[in-house]
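Me: I am new to this structure and would like to go through it slowly, asking at each step what the words rest on.

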Amino acid sequence: TIAPFSLPFYEDGLKFDCTGCGKCCKVDGDVWLAPEEVENVMNHLGYSYHNTASMDDFRKAYVRAEVAPSGDGDDDSSESWMCLKREGGACIFLDPLGKCGIYDVRPVQCSTYPFWPSLLKNQDTWEEESVLPDDIAIGEGTGDRHWSSELGGCEGISIRRAIDSEHGLDHENNKIDAGVDGILEDGQGDSNIVERQEIVSKMRAAKKHWKRFPVREIKESTWYL
């Protein structure tokens with residue numbers, strides 16, 4: 001018999017509005033740059049990828065760990081994956097205003113979030129990643145939560161729930177209570193649907209990126225997508 005075909009829960013797209021909060025850059029965990037991403041970031045920052053001294057300066061400034069696919073200690077930068085340093089509990093490239101200093105060349109790990117395979121297993125794993133903005137009170141018995149560095153979470157997933165009537169938005173009259181005012185800017189109150197094609201594309205890119213990483217122990221403990 002042929003097993004019944006079931007469509008993914010995101011077949012009709014998913015509601016997602018990035019709030020620009022920068023909290024995904026503050027989660028406890030590692031950000032690894034693939035070899036080609038190292039080159040992109042270095043060029044963006046004005047370093048010379050093929051200059052040994054420049055590479056050493058980049059390492060000292062931004063890298064806290066490094067691995068090569070061979071695992072034999074070969075110091076070939078062109079094959080190395082580099083783990084970014086953290087500073088003040090956040091990615092070293094997160095600036096004081098909460099913006100990414102390398103946004104235009106940010107790694108796949110960052111550009112594909114929150115559309116990672118681990119978060120798109122089913123509706124539950126997707127919703128479990130959602131959090132409310134800190135200034136929105138959590139209703140009793142709702143199951144909502146706020147972001148924490150240990151558990152992480154994405155405000156953009158929950159923003160639609162955060163502005164429903166339970167938390168202060170009267171959709172019929174388009175009124176927002178003070179607690180919600182200021183969260184939605186420049187039309188963010190409108191649903192932003194990320195289409196299935198884009199979701200799948202980002203999910204596949206994240207999975208391919210993770211699979212390429214050469215150290216299984218790290219992938220199974222401190223770094224997963």
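Reply: Let us begin with a term: a residue is buried if its relative accessible area is under 20%, exposed if over 50%, and partly exposed in between, with a 1.4 Å probe and protein chains only. The model is a predicted one, in which local features need pLDDT of at least 70 and side-chain atom pairs count only at pLDDT 80 or more, while totals for chains, interfaces and linings use all residues. Residues are numbered from 1 along each chain as its sequence is written, and side-chain values use heavy atoms, with hydrogens and water left out.

Me: Which residues of helix 1 are called buried?
Reply: Helices (H or I, at least four residues) and strands (E, at least two) are DSSP runs, numbered from the N terminus. In helix 1, residues 35–45, the buried ones are Pro35, Glu37, Val38, Val41 and Met42, so each of these falls under the 20% limit.

Me: Why are the buried residues of helix 1 said to line one face of the helix?
Reply: The arc is taken from the directions that lead from the helix axis to the C-beta atoms. Viewed down the axis of helix 1, the buried residues lie within an arc of 155°, and therefore they line one face.

Me: What covers the buried residues of helix 1?
Reply: With contact meaning heavy atoms within 4.5 Å, the cover includes strand 2 (32–33), helix 2 (52–62), strand 4 (81–84), helix 3 (108–111) and helix 6 (196–212).

Me: How are strand 2 and strand 3 known to pair with strand 4?
Reply: Two strands pair if DSSP finds at least two bridges between them. Strand 2 is joined to strand 4 by 2 bridges and runs antiparallel to it, with Trp32 opposite Cys83. Strand 3 (residues 63–67) is joined to strand 4 by 4 bridges, also antiparallel, and Val67 stands opposite Trp81.

Me: Which way do the residues of strand 4 point?
Reply: Trp81 and Cys83 point one way, Met82 and Leu84 the other, and all are buried. In a regular strand, side chains alternate between the two faces of the sheet.

Me: What makes a space in this model a cavity?
Reply: On a 1 Å grid over the protein atoms alone, a cavity is a set of points where a 1.4 Å probe fits but cannot get out, and lining residues have an atom within 4 Å of a point. The count is 1 cavity of 30 Å³ or more, and residues lining the largest cavity include Gly29, Leu84 and Cys91.

How values were computed: 1 Å grid on protein atoms, 1.4 Å probe; cavity = no way out; pocket = protein on both sides within 12 Å on 5 of 7 lines; lining within 4 Å. Points joined across faces, edges and corners; volume = space filled by probe spheres on them.
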